[in-house]
Amino acid sequence: MDMTEFSIADNVLREAIPISLAPPLRVSILTGGVDRPYAFGLTMALLKKNVGVDVIGSEFIDSSEMHTTPNLKFFNLWPNKRTQSGRAVKVWRILRHYASLLRYSARATPRVFHILWNSKVQLFDRTFLMLYYKALGKKVTLTAHNVNQARRDGNDSVLNRITLRIQYQLADHIFVHTDKMRSELVRDFKVAERRVTVIRHPLNDAFPDTDMTVGEAKRRLGIRDDEKAILCFGRIKPYKGIEHLLAAFRQLVAHDLNYRLILAGEVQKENEAYLAGLIQSVTRESERARILFKTQFIPDEEMEIYFKASDVLILPYNEIFQSGVLFLGYSFGLPVIATDVGSFREEIVEGETGYICMPSDPADLSAKIVTYFGSELYRDQDTRRQKIREHAETHHSWGAVADLTRNVYVELLRSNVA
């Protein structure tokens, strides 16, 4: 899809606004202190479009580029997180953050605030903070990575929906990643369609990609070159359907002990019981020996080890709109097998970048894994991985995202002047 098709498909701005004709523009990117890959990618792409950026982040967003890149100001408004701290310390940390955020907002020169993620207290962010920003005369844009995350996670409530609707109604413009997400905003939260821009999820390219070879990466994880390595990556949560992957894996190793499964990702406290159930479900020693559980935070510098050591990425989700892990895999040229939920069918080219399987169906998933390992997509990995990278760079470039985003900023400021 070329740039013209991309803009028209999203039905927002019929033509790009030339940078040379745009007024001087500076925006604040509010990260919520999380998701460094998206914050980093958007910031660097906007800077290339002559947009100055204030990044409101945390120690997890910080990097050397945040302090050495021209026209970029970084503000760490989150006190550093201690490894061990009591409830009182955590509450004090949150209060200090919000006090710093309120002070920054009152003094900030950017007229556009772009919220990538809310901070810690959702009800406060969706209501009081939004009203505060509007009272300061800010134009507020919002990236809704999940239209209603609570519904996805099975803990939706009337209060959650009310406060979400308040935030969506107060936002001047909302960015989403799929047409389905736009439809949900319009249908469930009564957001005018003209206030929503669909931006395909961009390529995740914020992590180091060194000259480490596939063989070296496999050796570092204790995987032989001839073993078929399957990766499931990201925070371990019930909606991701990992239990179905484990069931499929049991079917695979019953016939072929050359399979290896890597389950890598952080486990939050509320999901520890889910993880315990997953581990307990692996009862046979022959199966347990074939699974590498790395249930911990994976540092940025170690990401490439897992993606280079693996032959395929599995996304067995029960429900999702869009997953950044898919594009992280693509950035390393890794083929993907994903369930037919959300926009996976739109983003995966069958036989070229991966395969689609039925959700909650271990038999179909195991069959697709067997199909993949018997295909040219697996046998000709060096060539195919490069093609996957090229496909991702063409269809999910940060440049296209920055163009659409910047155009929305400019239009909002023009309407304010008018």
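These legends go with close-up views of a predicted model.

**View 1**
R87 counts as exposed because its relative accessibility is 71%, and the cut-off for exposed is over 50%.

**View 1. F40, a buried residue of helix α2.**
Helix α2 takes in residues 36–48, and F40 sits within it. With a relative accessible area of 13%, F40 is buried, since anything under 20% goes in that class. Along the sequence, F40 and I61 are 21 residues apart, while from C-alpha to C-alpha they are 7.7 Å apart in space.

**View 2. T405 and its contact with the backbone of V401.**
Here we're in helix α19, residues 398–417, which holds T405.

**View 3. Q280, an exposed residue in helix α11.**
Q280 belongs to helix α11, which spans residues 272–281. Is Q280 buried or exposed? Its relative accessible area is 60%, so Q280 is exposed. If you want L42 in the picture as well, zoom out. Q280 and L42 have 41 Å between their C-alpha atoms and are 238 residues apart in sequence.

**View 4. N50, a non-glycine residue with a positive phi.**
Most residues other than glycine have a negative phi. N50 is not a glycine, yet its phi is positive, at about 65 degrees. You'll find N50 in the loop between α2 and β2, the latter being residues 52–57. N50 is exposed because its relative accessible area is 53%.

**View 5. S360, also with a positive phi, in the loop between β13 and α16.**
Where does S360 lie? Its loop runs between β13 (354–357) and α16 (362–373). The phi of S360 is near 55 degrees, a positive value in a residue other than glycine. With a relative accessible area of 43%, S360 is partly exposed, because that class lies between the buried limit of under 20% and the exposed limit of over 50%.

Terms used:
Residues numbered from 1 in each chain as written. Predicted model: local features only at pLDDT ≥ 70, side-chain atom pairs only at ≥ 80, totals over all residues. Heavy atoms only, no water. Buried < 20%, exposed > 50% of the residue type's maximum accessible area, 1.4 Å probe, protein only. Helix = DSSP H or I, 4+ residues; strand = E, 2+ residues; numbered from the N terminus. Polar contact = N/O pair within 3.5 Å; in protein donor to acceptor, adjacent residues only side chain to side chain.
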